[in-house]
Amino acid sequence: MQSILNLFKKGGILLWVVIAIVLGIIFGLFVPTPFVVVFATFNSLFGQFLNFCIPLIIIGLVTPAIADLGSGSAKWLGLTAVVAYISTMYSGFLTYGVSESILPNFLRKGSLASVTDPSASSIAPAVTLEIPAPISVLGALILSFIMGIGLSMVSRGTLRRAFVEFRAIIIKLIEKVIIPLLPIHIFGIFLNMTKTGEVYNVIAVLAVVVILVLVLEVVILVSLYLVGGLAFGVNPFKALLTMLPAYATALGTSSSAASIPVTLRQVKKIGVPDPVASFTVPLCATIHLAGSTSKITAFALAIIMTSDIKVTAAQFVGFIFMLGVTMVAAPGVPGGAIMAATGILSSMLGFNDAQVALMIASYIALDPFGTATNVTGDGAISMLMARFSSGKIDDNDKEIAQSFAGENNFDTDKYLEGVK
């Protein structure tokens with residue numbers, strides 16, 4: 001029994017989500033409708049709670065992130081953020097281009113229309129409760145930019161500390177409330193879809209996108225290391241092979257933060273100077289999410305293609321640009337990136353609760369691979385920063401990077417001691 005409990009503990013949110021999907025499909029084949037109504041009611045209430053929290057998540061994560069990016073003498077922090085953003089945008093637009101070319105050949109337009117429209121075929125909840133959000137998603141984004149830029153221009157004070165503490169509260173909300181309830185929410189979604197006979201369409205769509213995303217993430221890593229390796233003057237493929245232990249660690253933990261010790265060790269083995277590695281690895285664990293962006297882009301486009309959603313190319317391009325900003329603010333916890341992105345999925349692409357739930361389930365199911373791509377890509381950015389900085393990154397810059405990544409409680413010196 002204890003070994004089973006340890007397995008569930010080590011498996012984290014991914015294992016629980018997989019179990020939720022499997023049980024939802026199995027139970028949906030034979031349970032009576034009243035049983036499904038119970039979980040449909042939970043999903044309705046949880047969806048409203050999530051809608052209430054989304055603006056708070058945006059304000060709590062984006063505001064301090066922007067404030068820290070523009071603070072102090074963080075010259076190298078700003079440059080690293082620009083490089084990470086470019087990498088993230090490259091990942092998003094590459095995925096968008098390839099998905100637009102390939103997915104229409106495998107996905108049938110309208111095949112998920114009834115799944116993602118609750119009024120079409122889903123079993124209705126027994127009770128509905130509308131919980132209005134304290135501010136709109138767009139309003140939260142604008143407020144975050146105003147406050148973040150403003151805080152970066154003034155000296156550190158009470159308001160800045162308040163936003164840092166608010167960020168800590170939001171991260172606890174994600175870790176202790178939203179993420180633990182997600183498996184129940186996803187169980188209810190797949191239970192409902194199986195009961196109404198739509199789950200097979202969903203599985204067919206997701207299987208195609210999963211294969212595409214896994215191939216794309218290999219392409220993303222190879223191209224990042226070609227650029228980083230050539231700039232730093234090392235063999236790109238040898239450097240990528242050196243980072244495989246970091247990839248494996250991230251695959252097992254689904255956490256960029258938990259992978260920092262191994263990532264630091266492997267980046268130093270490539271030949272990146274210690275000050276540069278100590279600066280870029282903790283920082284990129286928070287702001288570089290190329291793999292996560294690729295997953296969100298591909299699954300969002302698949303849902304649009306298979307649902308009755310009208311999104312123009314210009315709208316989706318704007319979504320990718322905003323997704324890059326949102327990813328910079330995403331916490332380094334399993335599932336944190338998709339929670340930070342739920343706001344723009346609904347506000348910019350018009351996703352409803354069912355579509356957002358499918359995005360969350362799809363994202364978490366592939367979370368280890370996205371995280372592994374993020375972490376491994378940090379090595380390429382470290383090589384670029386070593387080339388750009390030429391050893392000019394010092395302890396002061398390292399402290400700024402640690403401060404920026406404070407929501408993950410990074411202690412670079414402690415990590416370095418652990419990997420020597």
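Helices (H or I, at least four residues) and strands (E, at least two) are DSSP runs, numbered from the N terminus. The model is predicted: local features need pLDDT of at least 70, side-chain atom pairs count only at pLDDT 80 or more, and totals for chains, interfaces and linings use all residues. Residues are numbered from 1 along each chain as its sequence is written, and side-chain values use heavy atoms, with hydrogens and water left out.

**Exercise 1.** State how many helices and strands the protein chain has, and which residue follows α11.

Solution. Step 1: the protein chain has 19 helices and zero strands. Step 2: G271 follows α11, and its phi is positive, near 120°.

**Exercise 2.** Describe the largest nonpolar core and the contacts of F351.

Solution. Step 1: a nonpolar core is a set of buried Ala, Val, Leu, Ile, Met, Phe, Trp, Tyr and Cys residues joined through side-chain atoms within 4.5 Å. Step 2: the largest core has 82 residues, and F316, F319 and F351 touch the most other members. Step 3: helix α7 (residues 158-195) supplies the largest share of this core, 14 residues. Step 4: leaving out residues up to four places away in sequence, F351 touches (heavy atoms within 4.5 Å) A300, I303, I304, I309, L345, S346, V356 and M359.

Methods: Buried means under 20% relative accessible area, exposed over 50%, partly exposed in between (1.4 Å probe, protein chains only).
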